[in-house]
Amino acid sequence: MAQLNVNLSDVNEKDAEGGGGVIIPRDRYLLNIVEGEVKRNSKNTGDLFEYKAEVVEGEFAGVKVFGNINVTHQNITAQKIGQAQLAALAEATGIGKANLTDTDQLLFQPFYADLDVETYKGRDNSDKERMVVKKFIHAGNANEPPPSKAPAARQREGHHHDHHPGEPLDRALHAERRGGCVRRRPSDALAAYRLTARWN
């Protein structure tokens, strides 16, 4: 259990805009947090919520995404962005920012998020990539389009992720052929349906 000791009631979750492991296409996915704790950051300038989330449906179920959210920070801007991200996560899970008092409340609560690919320098100074949460999806931004359907890194020519309007909801996954194999992703239609059902 990790007490937050901050009040998110007056924090605007719309101020929030956002790794490691398997790289999957940029898109909107259903995830839940499987591990998380509040700890002091490495520079001792504030506290952060360090978490591990997993995609919970579709072909990419089980893919892990790691993230850190500033809970408190000496830098006011960093703290404002971090608390806005935390508020957005609380709204995305349905807990609500005014009701979030402990990070354990966030465990295994499904939420939608836009995932992106971040490039960073490894310890050997080589370029590496990891999945990151770009944006938590809640009632305030659910109508915004998801990220590009193309993989963030090195999109191959001749391969597209076009959406096919009119796809029935019971076929929740698009198929995409790559080198003889089929990869699938959650359909926008199904995501929109579920989001509408959650907040209506």
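## A polar contact at Lys135

The side chains of Lys135 and Glu144 are joined by a polar contact of 2.6 Å (a pair of N or O atoms within 3.5 Å; within protein, one must be able to donate a hydrogen and the other to accept it, and residues adjacent in sequence count only if both atoms are side-chain atoms). Lys135 sits in strand S5, residues 127–137 (strands are DSSP runs of E with at least two residues, numbered from the N terminus). Lys135 counts as buried because its relative accessibility is 12% (buried means under 20% relative accessible area, exposed over 50%, partly exposed in between, with a 1.4 Å probe and protein chains only).

## About the model

This is a predicted model, where local features need pLDDT of at least 70 and side-chain atom pairs count only at pLDDT 80 or more, while totals for chains, interfaces and linings use all residues. Residues are numbered from 1 along each chain as its sequence is written, and side-chain values use heavy atoms, leaving out hydrogens and water.

You will find nine salt bridges in the structure (a side-chain nitrogen of Lys or Arg within 4 Å of a carboxyl oxygen of Asp or Glu). One of them pairs Arg26 with Asp116 at 2.7 Å, N to O. This pair links distant parts of the chain, 90 residues apart: Arg26 is in the segment before strand S1 (27–40), and Asp116 is in strand S4 (residues 111–121). Arg26 is partly exposed at 24% relative accessibility, and Asp116 is buried at 18%.

Asp114 and Arg28 form another salt bridge, at 2.6 Å from N to O. Here strand S4 holds Asp114 and strand S1 holds Arg28, 86 residues apart, and both residues are buried.

How values were computed:
Helices (H or I, at least four residues) and strands (E, at least two) are DSSP runs, numbered from the N terminus.
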